[in-house]
Amino acid sequence: MAGRHRHRETGTSVVVYADNYINDIEGEKLEEMCDAFLAKGFKKIVIDFSGTDLVNSIGVSILIGIIEKIKGKGAVVFSGLKDVNFQIFHIVGLTRHIRVFNNEEDALKGSASCDGASL
Amino acid sequence: MKNRTLFSVCPDAEFFGRTREIGAILERAKGLRRIPNVFLAGKRWTGKTEVLRRVHRELFWSQARVVPVYYQFKGAVDAEAFAEDYLKEFIKQYLAFRKREPDLVRNETSLERLEKLLFDEDAFGLLDFTLIHREAKRSGDKTAVLRNALGAMELMTRRTGTPVYLMLDDIGSPSHTVERELAASLNAGSFPFIAASSTRAFLEGGFLSSSVEQMTLGGLDPDTSVAMMAELCRSHDIGFDTEMLSLAAMKLGGNPMYMKSIVWAAHREGRDLKDLKSFVELYSGEVFEGNIAFALQSSLRLKNPSELRMLCALMGAPGGGAIPGEELRERFRLSESEFSKTASSLFAEGLAEYALGSVKWAGDAVTADFVSYMFETRIKGRSADEARTAFAREALKEGFIARGARVQGRLREDAASALKSFNGQKLVKILFRNQAFSSMNRGGATRPGERKDSEEVVVPETIGSFESTRWEKGETGPPIIIAHGFANGRYDAGNEVVWITAVKDTPSPVNIGDVENFLRRSQILKENFRTTRIVRWFVGRDGFTAEAQKRLDGEGAFSSDTVQLNLIRDSLEDASVSERLKREDNALPLKEFEVILPASTKAELVAVKAVEEIGTEMGFGDNAIGQIKAALVEACINAFEHSKVKAGKVFLRFVAGGDRLTIHVQNGGVDFDSPAGLVATAETEALPRKRGWGFELMKGLMDEVRLERISGGARIVLVKYLIKKGETGGREA
């Protein structure tokens with residue numbers, strides 16, 4: 001597993017901290033991490049973007065792929081989005097498919113009640 | 001999972017463009033515009049229904065302040081049947097919105113079942129309408145039946161305080177009684193509405209008195225059209241050439257239905273869209289005998305040979321001009337009543353327009369080819385193969401001509417569209433003074449407070465426009481468009497205005513010769529109009545020579561280049577653009593910075609760093625800077641991807657103006673990805689598509705995004721104004 005992204009495990013949930021710039025390379029690393037956590041049996045993945053300044057369209061496409069993959073197997077939620085990143089996800093229509101929280105704590109609480117049906 | 005479908009719409013992946021129109025309609029629906037009512041005009045299959053249904057879907061799922069009601073007219077039905085259908089739709093959709101129950105919108109329901117449902121839901125307010133309907137029907141009072149149905153929305157709005165937003169689709173030309181009563185219900189002004197049609201019959205019927213803004217849905221713009229065809233080709237595994245798609249899109253007028261039909265035909269026949277011959281064969285197959293032919297045949301209802309003959313005459317009028325009614329009557333030996341009947345039928349079909357006693361072709365180029373084919377085979381008796389061969393021969397020749405001159409014609413359309421949008425708006429005068437505008441953009445001479453060009457031009461309310469060809473047989477020079485209108489909102493002789501507008505759409509500036517030609521011709525044309533006021537306007541694609549500017553200014557004539565024309569069009573659509581242009585700090589000098597990026601990993605972050613510095617110095621807020629950075633990253637990635645040379649560089653130019661930052665991103669490559677124009681804001685079940693978001697993101701994050709074709713490639717131009725735009729919210733706590 002690519003281990004460059006930090007993460008925090010809490011029960012069946014895990015918080016993955018996204019990099020400063022989500023492009024193809026960083027997006028793929030995130031994808032590998034999510035795959036690995038799912039394989040380990042985690043049911044809820046919070047991707048925290050509080051340290052992310054930029055997400056490009058290739059990064060967005062990888063994130064869509066992540067959501068697609070997790071669909072039915074668990075739940076994924078986003079937290080800590082800067083306004084511009086929220087706007088990017090809104091433009092592509094991702095915010096209709098994924099719950100977005102102000103911070104990881106809210107996301108963990110929110111995702112705890114989420115059993116994947118939200119996807 | 002709940003099926004959230006309402007009215008059927010095409011899959012998001014096949015819906016391109018129209019983001020701006022949908023946004024503008026939504027703003028009106030939500031009461032954010034002064035004139036909320038819209039007449040959405042557009043030729044057949046330009047996507048009016050799709051736009052209205054997507055607006056309905058957005059309003060249904062994304063807000064609770066306005067009840068969206070969509071009604072599609074279903075051809076000729078009697079007033080009573082219409083009233084029942086209209087009432088049922090209103091009640092169904094009202095209840096569906098209140099209960100957030102999309103099934104109710106989707107499913108057909110009888111009046112009896114609807115009444116039972118209303119009773120179960122204790123919706124007695126709505127139930128009243130069905131009871132009155134039954135009672136009026138039983139007593140044979142057709143007027144009461146109609147008024148009850150049409151008045152229901154107004155009454156519910158008053159009772160509940162929650163307005164309805166009514167979307168009337170395919171309004172066409174309803175029966176006299178329905179038209180009168182419907183207009184009366186809309187005139188009451190209790191709720192905003194939009195009415196869509198491919199003819200202006202309802203708008204011009206004389207019953208509608210409430211203020212209505214006209215919005216025209218033309219074909220998709222060339223870049224979006226090419227992007228749409230390319231995306232469809234990719235998804236159907238059809239090989240294509242971008243240049244060929246560009247030509248095809250132009251020939252098809254950017255009409256989504258035509259473009260889809262051609263791609264589907266290519267898929268069916270296992271052809272590609274790489275060369276002109278393939279396209280011409282697919283095109284003639286579709287337009288003469290395929291799906292497009294079938295659609296045109298079933299919708300046009302051409303009843304007799306006179307109609308076909310008259311249409312062919314109109315299509316062949318020099319310069320696409322108008323033919324006087326008298327001349328048509330004589331040519332086809334028609335009595336007054338026969339002529340009137342034939343012409344009315346063509347107007348109703350949206351194939352002809354009538355202005356100042358003359359008739360003009362109003363259909364699109366594809367319909368023209370279809371009508372010509374019908375004429376050749378039905379009237380002239382040619383075999384289908386012969387007509388098709390003749391067409392292919394001409395189309396191939398025309399296609400090659402079009403290749404060399406494909407840019408031409410767009411400026412004329414843009415100028416004509418601007419003239420048609422004149423509706424008494426106030427525009428900043430500098431947009432009509434090229435000399436002053438050019439000097440301002442050179443960082444010149446003006447200082448805040450000194451500029452007189454913050455004065456305004458009040459444009460008239462245009463009632464019609466046409467080309468001057470009929471009055472100018474044998475004249476040479478740029479085409480002239482004549483637009484008639486009234487000033488000051490008063491429709492009398494004293495306020496009649498004619499705008500005489502010349503358009504030079506060639507890659508050279510308007511010179512003194514062009515100006516003298518225009519002034520002479522406009523002097524002659526002036527004799528044709530008994531008006532008190534003539535306004536002369538020259539639009540030049542590549543601007544004006546200094547001598548030409550001076551002469552036009554001296555004559556008191558207006559002059560605009562492409563940039564000014566684009567700003568005029570934006571200002572006509574959105575008054576805030578004009579307000580922004582009036583700000584005196586627009587006149588501050590510009591600063592320019594250039595950055596060259598090498599082709600290396602994360603090189604776009606160098607551009608990001610540069611724009612962060614420039615943006616901060618200009619006074620942009622953090623969020624705006626974030627938006628510019630993200631858009632710039634997309635432009636750079638796109639430029640790198642399409643660089644001709646593997647290790648090609650990307651050239652960036654940052655222009656910091658008083659009120660905006662403009663960024664030019666250029667590579668040495670062949671092309672950029674064109675804008676997909678996909679609307680992604682609507683509610684859908686499926687996840688968004690994974691790829692092709694670059695342009696969409698740039699458009700969403702910046703105030704203006706342009707793709708300019710230049711010698712040897714293309715350039716993306718990103719513009720951000722210092723005035724912040726509204727931002728989207730919606731995250732959870």
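Good morning. The model is predicted: local features need pLDDT of at least 70, side-chain atom pairs count only at pLDDT 80 or more, and totals for chains, interfaces and linings use all residues. Residues are numbered from 1 along each chain as its sequence is written, while chains are lettered from A and ligands numbered from 1 in the order in which they are written.

I begin with helix α2 of chain A, residues 57-70. Helices here are DSSP runs of H or I with at least four residues, and strands are runs of E with at least two, numbered from the N terminus. The expected span is 1.5 Å times one less than the number of residues. For the 14 residues of α2(A) that gives 20 Å, and the end C-alpha atoms are 20 Å apart, which agrees.

How many residues of α2(A) are buried? The count is 10 of the 14, so the helix is largely enclosed by the rest of the structure. Buried means 20 or more other C-beta atoms within 10 Å of a residue's own, exposed means 12 or fewer, and partly exposed lies in between, with C-beta atoms placed from the backbone. Among the buried residues are A:G59, A:I62, A:I66 and A:I70. Just after α2(A), A:G72 has a positive phi of about 90°.

Next, A:D83 belongs to helix α3, residues 83-91 of chain A. A:D83 is partly exposed, with 16 other C-beta atoms within 10 Å.

Finally, chain B contains 27 helices and 20 strands. Of its 733 residues, 43% are buried.
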